[in-house]
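I set down here what I looked up in this structure, entry by entry.

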Amino acid sequence: MNQQIYIVDAFTNQPYQGNPAAVCLLEGAAETTWMQAVATEMNLSDTAFLIKTASNEWDLRWFTPKVEVALCGHATLASAHILWQEQGIEEQQLRFQTKSGLLTARREADGITLDFPVDLLTPIEINQALVDALGIEPQALYRGREDLLALFTSAEQVRALNPDQAGLATQDCRGIIATAPGDIPGIDFISRFFAPALGIAEDPVTGSAHCSLTPFWAERLAKSEMRAYQASARGGDLRVRLNGDRVTLMGQAVTILSGDIHD
């Protein structure tokens, strides 16, 4: 069967920046093993698979090169971008049915706004294995639904991290978020995201991590709307807002490649 597939740089308006995701438009149901094989072949942080439903919504699933994940921000942004820019969908709001429930994307004049569930954090004790893997002890450590968040005192510390990936992979979590107050004018906080257990040494820009980062920094900075920067080698810009038990993430995206899968 032939399936359309695209590569999109998400959370950027410039090619070869932000976070690349593959987006595959399915004509019908596909086997999980096939989708995982395609994601492994793509070898990007995430590959999204979309099927249109009878109710004019979209079933959406995400796979890393190793596993299926329950939530992915940049591949959702990439999916919405493809539906609007490449497929000619006219609706201003798209509805995605996912393992994390209903997610929506709205087309705005200056980008795409995603509506995601809040992921609240609980403080936990810092373990020595994590300190050894990070190479520096964080100020505090927190646990969300799937991730750990390590708070550092300065953005310089976050930027300088060169963690031991094997050590990080021993932690009981999907990934580790490292964050600190912003050091760029207009940026409220910065972050990095490491997920070796998922086959991702460092994710360039992680929308789902901001489901935790947004309420975390909203409380500390006493503001509900913020600008965030993910300080990976590629870098990524997000505008985030806390709306009760929901988080909105705004970003842009650029189509890089289009083609067909032949198998």
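**Entry 1: Salt bridges**

I looked up arginine 159 and found this residue partly exposed, at a relative accessible area of 35%. The model is a predicted one. The partner of arginine 159 is aspartate 183, and the closest N and O atoms of this salt bridge are 2.8 Å apart. Arginine 159 sits in helix 4 (residues 155–160) and aspartate 183 in the loop between strand 12 (176–181) and strand 13 (189–195), so the pair ties together parts 24 residues apart in sequence. Aspartate 183 also counts as partly exposed, with 42% relative accessibility.

I then searched the whole structure and noted 11 salt bridges. One of them joins the side chains of glutamate 57 and arginine 95, at 2.7 Å from N to O. This pair links distant parts of the chain, 38 residues apart: glutamate 57 is in the loop between strand 3 and strand 4, and arginine 95 is in strand 6 (residues 93–98). Is glutamate 57 buried or exposed? Glutamate 57 has a relative accessible area of 12% and is therefore buried, the limit being under 20%. Arginine 95, at 33%, is partly exposed.

I also recorded a salt bridge between glutamate 68 and arginine 61, with N to O at 2.8 Å. Glutamate 68 is partly exposed at 25% relative accessibility, and arginine 61 is partly exposed at 26%. Arg61 and Glu68 belong to a salt-bridge network together with Lys99.

**Entry 2: Helix 1**

I checked helix 1 (residues 32–42) for buried residues and listed Trp34, Met35, Gln36, Val38 and Ala39. Their cover includes strand 1 (2–10), strand 3 (46–52) and strand 18 (253–262). Asparagine 43 follows the helix and has a positive phi, near 55°.

**Entry 3: Histidine 210**

I located histidine 210 in helix 6 (residues 210–221). Its relative accessible area is 0%, so histidine 210 is buried. Beyond neighbours within four places in sequence, the contacts of histidine 210 include Phe189, Ser191, Gln230, Leu238 and Val247.

**Entry 4: The whole protein**

I counted six helices and 18 strands in the protein. The radius of gyration is 18 Å, close to the 18 Å given by the globule rule for 263 residues, so the protein is as compact as a globular protein of that length. I noted that 56% of the 263 residues count as buried. Of the contacts between residues at least 6 apart in sequence, 61% join residues at least 24 apart.

Definitions and conventions:
Residues are numbered from 1 along each chain as its sequence is written. This is a predicted model: local features need pLDDT of at least 70, side-chain atom pairs count only at pLDDT 80 or more; totals for chains, interfaces and linings use all residues. Side-chain values use heavy atoms; hydrogens and water are left out. Helices (H or I, at least four residues) and strands (E, at least two) are DSSP runs, numbered from the N terminus. The radius of gyration is taken over C-alpha atoms; the globule rule is 2.2 Å times the number of residues to the power 0.38. Buried means under 20% relative accessible area, exposed over 50%, partly exposed in between (1.4 Å probe, protein chains only). Contact means heavy atoms within 4.5 Å. A salt bridge is a side-chain nitrogen of Lys or Arg within 4 Å of a carboxyl oxygen of Asp or Glu.
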